[in-house]
Amino acid sequence: MKLQNHILTIPIKEETTMDAVLDTFHIARKQRYFLYQKRVIQVNGTPLYQSKMLKPNDIITITLSQESDTIHAWNTSLSIVYEDDIFLIVDKPSGMLVHSDGNNQDHTLCNAVKAYYDKTNQQHLVRPIHRLDVETSGLVLFCKEPFFQPLLDMQLSQKQIKRDYQAIVQGVMEKQSWMIQAGIARDRHNAKKMRIDKHGKDAKTKVSVCQQYKDYALVKCQLFTGRTHQIRVHLASIHHPILSDPLYGKKDKRIKRCALHAYQLSFPHPLLQEIITCTCELPKDMKNLLTNR
């Protein structure tokens, strides 16, 4: 398979149907109908109006829609870690929203990505696949082509898109690793806060100590589920909240924000048929805390 100039080319290797091909991308029935009706699917250069049998050596081409967002562009620095025809991975700084919260509509990561697309003459919707809290720094994955969104949603729900974090936590860690499995639910007294609840949604986090310092430690956190504030809640539950976490810990004068960083992202690439893994360094404020201890 290859994607070039918004045209997806799929060589057929064995007898199958067009619907079966679209199933591999998790295209819903309604969207499939529109693809047929718009005549954007061709087999060997001939438009396809409905599913049909395909033979080995047939060539499928799907002309993907070209859309762009109407959100405002924000010309600010953008740290791009990975880019191809489908994906853009950006290292988000702490203090920046991923997308608008209803108040800030002009100075988010999405606004910055819009400016980058405009600057590089790329006509794409700005579509983050996941989000990070405003204080959390690190990698955010964007999808350029809406056609692949259903597949990515499935990969995210089945944890095929993996996100690993680094955090600086309070205290001396009693052991080198934890496997925390505790349900998470919304706090009844604070709508912005989550809590451990045996009746909450299942949540699982692996915590590994990278380096212990006098009264804090650098840890890596691997998510097996993706609940709201999962890492923050789980770390607080073992009495090692993240430094300067305003909800689950307390402010620490050594760092001004919650010391959490999404340092690694890996996912199966639908065209390359391989796992893409990207990493980014600790940001300056967290690095300074570790070097100036």
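Guide: A nonpolar core is a set of buried Ala, Val, Leu, Ile, Met, Phe, Trp, Tyr and Cys residues joined through side-chain atoms within 4.5 Å. Buried means under 20% relative accessible area, exposed over 50%, and partly exposed in between (1.4 Å probe, protein chains only). This is a predicted model: local features need pLDDT of at least 70, side-chain atom pairs count only at pLDDT 80 or more, and totals for chains, interfaces and linings use all residues. Residues are numbered from 1 along each chain as its sequence is written, and side-chain values use heavy atoms, with hydrogens and water left out.

Visitor: Which residues touch the most other members of the largest nonpolar core?

Guide: This core has 43 residues. Its largest share, six residues, comes from β16. Strands (E, at least two residues) and helices (H or I, at least four) are DSSP runs, numbered from the N terminus. The residues that touch the most other members are Phe-142, Ile-168, Val-219, Leu-235 and Ile-242.

Visitor: What does Leu-235 touch, not counting residues up to four places away in sequence?

Guide: Contact means heavy atoms within 4.5 Å. With that sequence limit, Leu-235 touches Ala-167, Val-169, Val-207, Cys-221, His-240, Pro-241 and Ile-242.

Visitor: How many residues are in the second, separate core?

Guide: Its members include Ile-41, Cys-143, Met-154 and Cys-278. The count for this second core is 39 residues.

Visitor: How many of the eleven residues of helix α3 are buried?

Guide: Helix α3 spans residues 109–119. Its cover includes β8 (80–83), β9 (87–92) and β10 (137–143). The buried set runs from Leu-109 through Cys-110, Asn-111, Ala-112, Val-113, Lys-114, Ala-115 and Tyr-116 to Tyr-117.

Visitor: Which residue caps the N-terminal end of α3?

Guide: Look for a polar contact: N or O atoms within 3.5 Å, where within protein one must be able to donate a hydrogen and the other to accept it, and residues adjacent in sequence count only if both atoms are side-chain atoms. Here a side-chain oxygen lies 3.3 Å from the backbone nitrogen of Cys-110. The cap is Thr-108.

Visitor: Within what arc do the buried residues of α6 fall?

Guide: Helix α6 (residues 284–291) buries Met-286, Leu-289 and Leu-290. Seen down the axis, these residues line one face of the helix, while Lys-284 and Thr-291 are exposed on the other side. The buried ones pack against β11 (162–170), β16 (216–223) and β17 (260–268).

Visitor: Which residue meets Arg-257 in a salt bridge?

Guide: A salt bridge is a side-chain nitrogen of Lys or Arg within 4 Å of a carboxyl oxygen of Asp or Glu. Arg-257 is buried at 6% relative accessibility, and the N to O distance is 2.8 Å. Arg-257 lies in the loop between α5 (230–237) and β17 and its partner in helix α6, so the pair ties together parts that are 28 residues apart in sequence. The partner is Asp-285.

Visitor: Is Arg-32 buried or exposed?

Guide: Arg-32 forms a salt bridge with Asp-23 at 2.6 Å, N to O. Asp-23 is partly exposed at 43% relative accessibility. Arg-32 has a relative accessible area of 12%, so it counts as buried.

Technical notes:
The arc is that of the directions from the helix axis to the C-beta atoms.
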